[in-house]
Amino acid sequence: MLLARGLPLILVLFVVAVAPTAAAEDSRESVDQETSKPVVRGSIVFKAYCVLCHGERGDGTGRGAKAHARLHLAIKPSQPDYYISVVREGGQSAGISPYMPPWKDELSAEQIADVVAYLGILHDSARRGEAVFKLNCMLCHGVHGDGNGRAGRLSHPSPADLTRSTKDDPYKTGIISSGGAAMGRSSSMPPWGKQLTETEIQDLVQYLKTLLVVPSASQK
Ligand code: HEC
Ligand code: HEC
(Lines give C-alpha, C1' and ligand atoms only; values in the text may rest on other atoms or scores of the structure.)
(Ligands and ions follow the chains in the order given, each with its own letter.)
Protein backbone atom coordinates (compact mmCIF):
# COMPACT_ATOMS: atom_id res chain seq x y z
CA MET A 1 0.00 0.00 0.00
CA LEU A 2 2.65 2.48 1.04
CA LEU A 3 4.81 1.49 -1.88
CA ALA A 4 1.90 1.69 -4.33
CA ARG A 5 1.11 5.24 -3.22
CA GLY A 6 4.70 6.32 -2.85
CA LEU A 7 5.79 5.41 -6.33
CA PRO A 8 3.57 7.81 -8.27
CA LEU A 9 4.63 10.58 -5.87
CA ILE A 10 8.25 9.89 -6.72
CA LEU A 11 7.36 10.05 -10.40
CA VAL A 12 5.58 13.37 -9.93
CA LEU A 13 8.57 14.80 -8.06
CA PHE A 14 10.86 13.53 -10.80
CA VAL A 15 8.80 15.18 -13.54
CA VAL A 16 8.57 18.44 -11.60
CA ALA A 17 12.34 18.43 -11.05
CA VAL A 18 13.27 17.57 -14.63
CA ALA A 19 10.61 19.23 -16.77
CA PRO A 20 11.58 22.86 -16.03
CA THR A 21 15.23 22.31 -16.92
CA ALA A 22 14.25 21.05 -20.37
CA ALA A 23 12.76 24.43 -21.28
CA ALA A 24 14.60 26.57 -18.74
CA GLU A 25 16.44 29.74 -19.40
CA ASP A 26 20.20 29.45 -20.03
CA SER A 27 22.41 29.52 -16.93
CA ARG A 28 24.90 32.32 -16.45
CA GLU A 29 27.69 29.70 -16.54
CA SER A 30 26.65 28.38 -19.94
CA VAL A 31 26.61 31.92 -21.35
CA ASP A 32 30.05 32.73 -19.87
CA GLN A 33 31.41 29.48 -21.23
CA GLU A 34 30.36 30.41 -24.77
CA THR A 35 31.60 34.01 -24.71
CA SER A 36 34.96 32.99 -23.23
CA LYS A 37 35.75 30.50 -26.01
CA PRO A 38 39.03 31.48 -27.73
CA VAL A 39 37.33 31.53 -31.14
CA VAL A 40 34.67 33.97 -29.93
CA ARG A 41 37.19 36.27 -28.21
CA GLY A 42 39.51 35.91 -31.19
CA SER A 43 36.80 37.19 -33.54
CA ILE A 44 36.84 40.47 -31.61
CA VAL A 45 40.64 40.77 -31.90
CA PHE A 46 40.51 39.94 -35.61
CA LYS A 47 37.86 42.57 -36.26
CA ALA A 48 39.76 45.24 -34.33
CA TYR A 49 43.28 44.63 -35.65
CA CYS A 50 43.30 42.48 -38.77
CA VAL A 51 40.15 43.04 -40.89
CA LEU A 52 41.45 46.31 -42.30
CA CYS A 53 44.17 44.52 -44.29
CA HIS A 54 42.97 40.93 -44.53
CA GLY A 55 39.21 41.42 -44.97
CA GLU A 56 36.42 39.76 -43.01
CA ARG A 57 36.87 36.42 -44.78
CA GLY A 58 40.67 36.59 -44.64
CA ASP A 59 40.71 36.75 -48.44
CA GLY A 60 42.54 40.07 -48.60
CA THR A 61 39.60 42.23 -49.62
CA GLY A 62 39.83 44.61 -46.64
CA ARG A 63 39.57 48.37 -47.04
CA GLY A 64 43.29 48.75 -46.33
CA ALA A 65 44.06 46.21 -49.04
CA LYS A 66 43.91 48.99 -51.64
CA ALA A 67 46.99 50.59 -50.13
CA HIS A 68 48.76 47.25 -50.46
CA ALA A 69 47.36 46.50 -53.92
CA ARG A 70 50.45 44.60 -54.99
CA LEU A 71 50.55 42.39 -51.90
CA HIS A 72 48.74 39.11 -51.44
CA LEU A 73 46.71 39.66 -48.33
CA ALA A 74 44.85 36.37 -48.33
CA ILE A 75 45.51 34.17 -45.28
CA LYS A 76 45.95 30.60 -46.42
CA PRO A 77 44.89 27.65 -44.24
CA SER A 78 47.97 26.71 -42.19
CA GLN A 79 49.12 25.14 -38.95
CA PRO A 80 48.62 27.12 -35.70
CA ASP A 81 52.42 27.14 -35.09
CA TYR A 82 52.99 29.01 -38.32
CA TYR A 83 50.18 31.48 -37.56
CA ILE A 84 51.52 32.13 -34.06
CA SER A 85 55.02 32.93 -35.25
CA VAL A 86 53.85 35.20 -38.10
CA VAL A 87 51.42 37.05 -35.83
CA ARG A 88 53.91 37.41 -32.97
CA GLU A 89 57.04 38.24 -34.95
CA GLY A 90 55.64 39.77 -38.16
CA GLY A 91 56.06 38.90 -41.84
CA GLN A 92 59.74 39.68 -42.12
CA SER A 93 60.78 37.04 -39.61
CA ALA A 94 58.73 34.41 -41.47
CA GLY A 95 60.30 35.34 -44.81
CA ILE A 96 57.09 36.88 -46.14
CA SER A 97 56.11 40.51 -46.61
CA PRO A 98 57.44 42.96 -43.97
CA TYR A 99 54.13 44.82 -44.32
CA MET A 100 52.65 42.21 -42.00
CA PRO A 101 53.44 43.91 -38.65
CA PRO A 102 54.64 42.04 -35.54
CA TRP A 103 51.93 42.02 -32.89
CA LYS A 104 53.78 40.75 -29.79
CA ASP A 105 54.08 44.26 -28.29
CA GLU A 106 50.53 45.24 -29.24
CA LEU A 107 48.58 42.16 -28.18
CA SER A 108 48.83 39.94 -25.10
CA ALA A 109 49.83 36.28 -25.44
CA GLU A 110 46.19 35.42 -24.73
CA GLN A 111 44.90 37.72 -27.47
CA ILE A 112 47.39 36.18 -29.91
CA ALA A 113 46.28 32.66 -28.95
CA ASP A 114 42.64 33.74 -29.37
CA VAL A 115 43.13 35.35 -32.77
CA VAL A 116 45.07 32.30 -33.96
CA ALA A 117 42.14 30.09 -32.85
CA TYR A 118 39.91 32.35 -34.94
CA LEU A 119 42.25 32.02 -37.97
CA GLY A 120 41.51 28.29 -37.75
CA ILE A 121 37.83 28.91 -38.61
CA LEU A 122 38.32 32.02 -40.73
CA HIS A 123 37.50 30.19 -43.97
CA ASP A 124 34.19 28.78 -42.71
CA SER A 125 31.23 31.14 -43.04
CA ALA A 126 28.95 29.24 -40.62
CA ARG A 127 31.61 29.16 -37.91
CA ARG A 128 32.34 32.86 -38.32
CA GLY A 129 28.59 33.34 -38.00
CA GLU A 130 28.59 31.34 -34.76
CA ALA A 131 30.94 33.89 -33.19
CA VAL A 132 28.72 36.76 -34.37
CA PHE A 133 25.71 34.95 -32.89
CA LYS A 134 27.34 34.35 -29.53
CA LEU A 135 28.27 38.03 -29.25
CA ASN A 136 25.01 39.59 -30.45
CA CYS A 137 22.06 37.21 -30.43
CA MET A 138 22.66 34.60 -27.74
CA LEU A 139 21.32 36.63 -24.80
CA CYS A 140 17.86 36.60 -26.39
CA HIS A 141 17.82 33.54 -28.65
CA GLY A 142 19.80 31.33 -26.27
CA VAL A 143 23.05 29.39 -26.23
CA HIS A 144 21.41 26.75 -28.45
CA GLY A 145 19.29 29.16 -30.50
CA ASP A 146 16.14 27.65 -28.99
CA GLY A 147 14.79 30.96 -27.66
CA ASN A 148 15.81 30.37 -24.03
CA GLY A 149 18.26 33.25 -23.69
CA ARG A 150 18.77 34.99 -20.36
CA ALA A 151 17.28 38.27 -21.66
CA GLY A 152 14.44 36.41 -23.36
CA ARG A 153 12.06 36.74 -20.42
CA LEU A 154 12.06 40.53 -20.89
CA SER A 155 10.77 40.10 -24.40
CA HIS A 156 7.09 39.74 -25.47
CA PRO A 157 6.68 37.77 -27.68
CA SER A 158 9.60 35.63 -26.60
CA PRO A 159 12.58 35.35 -28.94
CA ALA A 160 11.93 32.95 -31.82
CA ASP A 161 13.12 29.34 -31.50
CA LEU A 162 15.64 29.43 -34.34
CA THR A 163 16.11 25.64 -34.25
CA ARG A 164 12.55 25.28 -35.59
CA SER A 165 12.35 28.24 -37.95
CA THR A 166 10.32 27.64 -41.11
CA LYS A 167 11.61 30.81 -42.77
CA ASP A 168 13.97 30.78 -45.75
CA ASP A 169 17.37 32.49 -45.98
CA PRO A 170 16.18 35.70 -47.71
CA TYR A 171 13.54 36.17 -44.99
CA LYS A 172 16.13 35.65 -42.25
CA THR A 173 18.51 38.07 -43.95
CA GLY A 174 15.66 40.61 -44.08
CA ILE A 175 14.57 40.35 -40.46
CA ILE A 176 18.17 40.39 -39.19
CA SER A 177 19.05 43.51 -41.24
CA SER A 178 15.80 45.46 -40.85
CA GLY A 179 14.44 44.12 -37.55
CA GLY A 180 11.07 42.65 -36.63
CA ALA A 181 8.96 45.81 -36.99
CA ALA A 182 9.96 46.33 -40.63
CA MET A 183 8.80 42.77 -41.37
CA GLY A 184 5.41 43.16 -39.66
CA ARG A 185 6.68 41.33 -36.56
CA SER A 186 7.56 42.50 -33.07
CA SER A 187 10.04 45.33 -32.54
CA SER A 188 11.58 43.16 -29.78
CA MET A 189 13.68 41.75 -32.63
CA PRO A 190 16.11 44.65 -33.20
CA PRO A 191 17.50 45.71 -36.60
CA TRP A 192 21.20 44.84 -37.10
CA GLY A 193 21.88 46.39 -40.51
CA LYS A 194 23.84 49.28 -38.98
CA GLN A 195 25.86 47.33 -36.37
CA LEU A 196 26.78 44.32 -38.48
CA THR A 197 28.29 44.13 -41.96
CA GLU A 198 26.68 42.32 -44.90
CA THR A 199 29.25 39.54 -44.54
CA GLU A 200 28.45 39.12 -40.85
CA ILE A 201 24.72 38.85 -41.64
CA GLN A 202 25.38 36.30 -44.41
CA ASP A 203 27.57 34.35 -41.97
CA LEU A 204 24.78 34.42 -39.36
CA VAL A 205 22.29 33.01 -41.88
CA GLN A 206 24.74 30.19 -42.68
CA TYR A 207 25.13 29.48 -38.96
CA LEU A 208 21.37 29.45 -38.38
CA LYS A 209 21.09 26.61 -40.93
CA THR A 210 23.33 24.46 -38.75
CA LEU A 211 20.96 24.96 -35.78
CA LEU A 212 17.86 23.55 -37.47
CA VAL A 213 16.61 20.34 -35.90
CA VAL A 214 14.57 19.67 -39.04
CA PRO A 215 16.85 20.89 -41.83
CA SER A 216 14.18 20.63 -44.52
CA ALA A 217 12.04 23.14 -42.62
CA SER A 218 14.14 25.95 -44.08
CA GLN A 219 13.16 24.94 -47.63
CA LYS A 220 9.53 26.04 -47.16
C1 HEC B 1 48.90 46.64 -42.35
C2 HEC B 1 48.25 45.49 -42.93
C3 HEC B 1 48.17 44.24 -42.07
C4 HEC B 1 47.54 44.09 -40.84
C5 HEC B 1 46.84 45.15 -40.01
C6 HEC B 1 47.64 42.69 -40.52
N7 HEC B 1 48.29 42.02 -41.48
FE8 HEC B 1 48.64 40.01 -41.56
N9 HEC B 1 49.67 40.24 -43.29
C10 HEC B 1 49.86 41.44 -43.96
C11 HEC B 1 50.70 41.19 -45.11
C12 HEC B 1 51.16 42.27 -46.09
C13 HEC B 1 51.01 39.81 -45.11
C14 HEC B 1 51.94 39.07 -46.03
C15 HEC B 1 51.27 38.42 -47.14
C16 HEC B 1 52.28 37.64 -47.97
O17 HEC B 1 53.38 38.13 -48.16
O18 HEC B 1 51.91 36.54 -48.36
C19 HEC B 1 50.33 39.23 -43.97
C20 HEC B 1 50.38 37.90 -43.64
C21 HEC B 1 49.69 37.33 -42.59
C22 HEC B 1 49.67 35.92 -42.29
C23 HEC B 1 50.33 34.82 -43.09
C24 HEC B 1 49.39 34.44 -44.22
C25 HEC B 1 49.84 33.25 -45.02
O26 HEC B 1 48.94 32.60 -45.60
O27 HEC B 1 51.03 32.99 -45.09
C28 HEC B 1 48.90 35.76 -41.18
C29 HEC B 1 48.57 34.45 -40.48
C30 HEC B 1 48.46 37.06 -40.77
N31 HEC B 1 48.95 38.00 -41.64
C32 HEC B 1 47.65 37.31 -39.68
C33 HEC B 1 47.30 38.58 -39.25
C34 HEC B 1 46.58 38.83 -38.02
C35 HEC B 1 46.04 37.76 -37.08
C36 HEC B 1 46.43 40.19 -37.93
C37 HEC B 1 45.78 40.96 -36.81
C38 HEC B 1 46.29 40.75 -35.48
C39 HEC B 1 47.07 40.77 -39.10
N40 HEC B 1 47.59 39.76 -39.86
C41 HEC B 1 47.11 42.13 -39.35
C42 HEC B 1 49.33 42.66 -43.62
C43 HEC B 1 48.63 42.93 -42.45
C1 HEC C 1 16.39 41.72 -27.65
C2 HEC C 1 16.17 40.33 -27.99
C3 HEC C 1 16.66 39.87 -29.36
C4 HEC C 1 17.92 39.92 -29.87
C5 HEC C 1 19.17 40.51 -29.23
C6 HEC C 1 17.88 39.25 -31.15
N7 HEC C 1 16.61 38.84 -31.41
FE8 HEC C 1 15.98 37.80 -33.06
N9 HEC C 1 14.08 37.83 -32.40
C10 HEC C 1 13.68 38.34 -31.19
C11 HEC C 1 12.22 38.18 -31.05
C12 HEC C 1 11.40 38.63 -29.88
C13 HEC C 1 11.78 37.55 -32.25
C14 HEC C 1 10.35 37.15 -32.60
C15 HEC C 1 9.61 38.34 -33.14
C16 HEC C 1 8.15 37.99 -33.43
O17 HEC C 1 7.79 36.81 -33.34
O18 HEC C 1 7.38 38.93 -33.75
C19 HEC C 1 12.98 37.33 -33.06
C20 HEC C 1 12.96 36.74 -34.31
C21 HEC C 1 14.10 36.43 -35.05
C22 HEC C 1 14.11 35.71 -36.31
C23 HEC C 1 12.88 35.19 -37.07
C24 HEC C 1 12.82 33.68 -36.92
C25 HEC C 1 11.61 33.06 -37.53
O26 HEC C 1 11.65 31.85 -37.76
O27 HEC C 1 10.60 33.75 -37.77
C28 HEC C 1 15.41 35.58 -36.68
C29 HEC C 1 15.94 34.88 -37.93
C30 HEC C 1 16.21 36.22 -35.67
N31 HEC C 1 15.38 36.73 -34.68
C32 HEC C 1 17.59 36.27 -35.69
C33 HEC C 1 18.36 37.02 -34.80
C34 HEC C 1 19.78 37.20 -34.92
C35 HEC C 1 20.66 36.57 -35.98
C36 HEC C 1 20.15 38.02 -33.91
C37 HEC C 1 21.53 38.56 -33.62
C38 HEC C 1 22.16 39.37 -34.67
C39 HEC C 1 18.97 38.33 -33.13
N40 HEC C 1 17.90 37.72 -33.70
C41 HEC C 1 18.97 39.10 -31.98
C42 HEC C 1 14.48 38.91 -30.22
C43 HEC C 1 15.84 39.18 -30.35
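1. A residue is taken as near a ligand if its C-beta atom, placed from the backbone, lies within 6 Å of it. Keep that cut-off in mind for ligand 2, where 23 residues make up the surroundings. The closest of them are C137, C140, S165, R185 and M189. One thing before going on: you're looking at a predicted model.

2. Which helices supply the shell around ligand 2 with at least two residues each? Helix 8, residues 138-141, does, and so does helix 9, residues 169-178. Helix 9 is the top contributor here, giving 3 residues. Sorted by class, the ligand 2 shell comes out as 13 nonpolar, 7 polar and 3 charged residues.

3. Now for ligand 1, which has 25 residues around it. Nearest to this ligand are C50, C53, K76, S97 and M100. At least two shell residues come from each of helix 4 (51-54), helix 5 (80-89) and helix 6 (109-119).

4. Of the 220 residues, 24% are buried. Take the contacts with a separation of 6 or more, and 53% of them join residues 24 or more positions apart.

5. Helix 6 turns up again in the helix packing, this time against helix 3. Their axes come within 7 Å and cross at roughly 100 degrees. An angle of 65 to 115 degrees counts as roughly perpendicular, and helix 3 and helix 6 are therefore roughly perpendicular to each other. On the helix 3 side, the contact uses P38, V39, R41, G42, S43, V45 and F46; facing them in helix 6 are Q111, A113, D114, V115, A117 and Y118. That contact splits into 8 nonpolar, 3 polar and 2 charged residues.

6. Helix 3 (residues 38-49) also packs on helix 7 (residues 125-136), with axes 9 Å apart and an angle of about 90 degrees. This pair is therefore roughly perpendicular as well. Who meets whom in this contact? From helix 3 it's V39, V40 and S43, and from helix 7 it's A131, K134 and L135. By class, the residues are 4 nonpolar, 1 polar and 1 charged.

7. A word on E110, which sits in helix 6. Is E110 buried or exposed? It has 12 C-beta neighbours inside 10 Å, and 12 or fewer is the cut-off for exposed, so E110 counts as exposed. Along the chain, E110 and R41 are 69 residues apart, while their C-alpha atoms are separated by 9.7 Å.

8. Finally, confidence. The chain has a mean pLDDT of 88, with 83% of its residues at 70 or more. The stretch to watch is residues 11-22, where the pLDDT is below 50. Beyond near neighbours in sequence, residues 11-22 have 0 contacts in the model.

Key. Residues numbered from 1 in each chain as written. Chains lettered and ligands numbered in written order. Predicted model: local features only at pLDDT ≥ 70, side-chain atom pairs only at ≥ 80, totals over all residues. Axes fitted to C-alpha atoms, helices over the stretch in contact; angles between N-to-C directions. Helix = DSSP H or I, 4+ residues; strand = E, 2+ residues; numbered from the N terminus. Parallel < 35°, antiparallel > 145°, perpendicular 65-115°, else oblique. Contact = placed C-beta atoms within 7 Å. Nonpolar A, V, L, I, M, F, W, Y, C, P; charged D, E, K, R; others polar. Buried ≥ 20, exposed ≤ 12 C-beta atoms within 10 Å, placed from the backbone. pLDDT = per-residue confidence, 0-100.
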